[in-house]
Amino acid sequence: MLYPRDRLMTDLPSHCTASLTPGARAPEAPALRPEKRELTLGIIPLTDCAPIVVAHEKGFFQRHGLDITIAREGSWASIRDKLVFGLIDAAHMLAPMPLAISLGVSSGPEHAVRATLSLDLNGNAITVSNDLYAHMAEADADAMTKRPTTAKALRAVIETRKQRGAPPLTLGVVFPNSTHNYQLRYWLAEAGIDPDHDVEVVVVPPPRMVDHLREGRLDGFCVGEPWNSVAVRAGVGKSLITSYELWNNGPEKVLGVTEQWAETHPQSHRALLRAILEAAAWIDEPGNRQEVTELLARPEYIGVSLETIGMSMTGTFRYALDQPTVHMPDFNVFHRYTANYPWRSHAVWLLTQMARWGQIGPDTDFQAVAERVYDPTVCRAAAADLGLIMPVREMKSEGTHHGRWTSEEGFVMGPDAFFDRKTFDPADPQGYLDGFAIRRQPVAT
């Protein structure tokens with residue numbers, strides 16, 4: 001079922017927000033002929049590739065005149081390079097990647113890439129080895145029993161290791177320009193840990209994280225699901241905090257296309273977004289999550305057990321084998337809370353983190369870059385084809401709502417609180433940056 005914007009959250013199932021027009025399916029889209037029907041979409045084996053997988057398996061792409069091939073890639077660098085060099089048409093991408101590629105700071109070729117649809121919110125967690133968890137519990141048992149978990153106990157472990165002359169702990173992230181990198185650094189720095197001096201942060205592709213943890217090459221990592229749950233179920237790690245707890249309903253993945261491709265294939269692009277929007281709405285129906293889990297478990301997509309993928313996908317999370325499963329219905333958000341809208345304010349926040357950790361210079365015009373890279377225009381057009389109402393505003397503040405709220409435009413939104421209680425005003429990114437005690441010195445440009 002698809003929902004009208006003006007219905008209240010209390011009238012809907014717990015997983016859904018008001019957004020689509022009534023009826024068992026979206027209205028027939030206009031007869032727009034895609035310039036290119038046969039498209040290849042790149043994905044990484046993570047649960048948040050679900051909108052692309054579902055659009056393929058449930059026939060949404062076909063319904064909108066597209067013949068899709070899904071290419072499972074092993075790393076984000078591979079996704080970046082294949083998109084830039086035209087080997088894939090569009091991609092499941094980390095939310096900061098289009099910004100970094102467009103600015104030439106992604107360790108690959110500079111290229112104009114656009115984020116035209118948000119695929120989801122939340123979805124990550126920070127997990128550590130059993131040994132490190134035990135050391136943290138020994139160092140500060142009180143800090144480890146509170147939720148959300150801070151890194152204060154980790155700071156005590158690091159200080160003890162320094163006194164003993166031990167090497168720094170090694171923590172993994174999936175890509176330098178990733179929400180995972182910024183989330184891990186945010187969590188560390190809040191407790192007084194300098195991620196550039198007190199630990200070693202390294203890049204590891206998501207599917208290899210658990211093996212690296214098991215073999216002792218990593219002491220912990222920040223990664224998307226299902227890899228935290230894989231580590232927990234295998235008994236090789238314990239999760240400390242989810243990205244939802246770090247920032248309620250923060251951005252995670254986007255659909256990325258090159259500017260040239262978008263300009264050359266406007267109708268294919270629009271059809272692509274229509275299909276994914278329908279898939280995202282279908283996924284956020286509570287009764288469909290089990291089928292989504294079954295699709296993702298297939299070897300051509302993620303290839304891990306139904307039980308493991310089902311943890312987060314069905315609204316629960318388990319931090320450790322010796323801890324009970326907890327109810328976390330917003331761990332994965334694919335459509336509700338205007339999740340598919342590419343907020344330019346999200347882009348500005350991501351740019352502040354790139355600046356905080358020295359990836360871009362202090363003279364970067366955050367607003368201009370956000371407007372150039374995060375483009376809601378085609379998203380609005382595709383949504384209108386489906387009878388879906390999207391926001392007109394492109395910026396919103398973050399950190400000011402600790403529960404569900406209704407926007408000025410009438411959209412039911414989820415909480416947006418940060419775990420450190422800071423607030424973010426996209427009109428004043430420099431003021432936000434100046435509020436952090438730990439940050440890298442600005443790079444020269």
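**Notebook: a helix pair, the cores and one asparagine**

I began where L132, H135, M136 and A139 of α5 meet A153, L154, A156 and V157 of α7. I sorted the residues of this contact: seven are nonpolar, one is polar and none is charged. The model I am reading is a predicted one.

Next I looked up the geometry of the pair. Helix α5 covers residues 130-139 and helix α7 covers residues 152-164. They pack at about 95 degrees, and their axes lie 8 Å apart. Angles of 65 to 115 degrees count as roughly perpendicular, so α5 is roughly perpendicular to α7.

Then I turned to the cores. The largest nonpolar core holds 133 residues. Which residues have the most contacts inside it? I noted F61, L154, W187 and L272. L154 was already on my page, as one of the α7 residues that meet α5. Helix α13, residues 266-283, gives this core its largest share, nine residues.

Leaving out neighbours within four places in sequence, F61 is in contact with L41, I52, A55, H56, L66, I68, L272, A275 and I276. I also found a second, separate core of five residues, among them A125, F317, M328 and F331.

Last, I checked N177. Where does N177 lie? I placed it in the loop between β6 (170-173) and α8 (179-190). Is N177 buried or exposed? Its relative accessibility is 1%, so N177 counts as buried. Its side chain makes a polar contact with the side chain of Q359, at 3.1 Å. Not counting residues up to four places away in sequence, N177 touches L94, P96, M97, A100, V105, S106, Y182, M354 and Q359.

Notes: Residues numbered from 1 in each chain as written. Predicted model: local features only at pLDDT ≥ 70, side-chain atom pairs only at ≥ 80, totals over all residues. Heavy atoms only, no water. Helix = DSSP H or I, 4+ residues; strand = E, 2+ residues; numbered from the N terminus. Buried < 20%, exposed > 50% of the residue type's maximum accessible area, 1.4 Å probe, protein only. Polar contact = N/O pair within 3.5 Å; in protein donor to acceptor, adjacent residues only side chain to side chain. Contact = heavy atoms within 4.5 Å. Axes fitted to C-alpha atoms, helices over the stretch in contact; angles between N-to-C directions. Parallel < 35°, antiparallel > 145°, perpendicular 65-115°, else oblique. Nonpolar A, V, L, I, M, F, W, Y, C, P; charged D, E, K, R; others polar. Core = buried A, V, L, I, M, F, W, Y, C linked by side-chain atoms within 4.5 Å.
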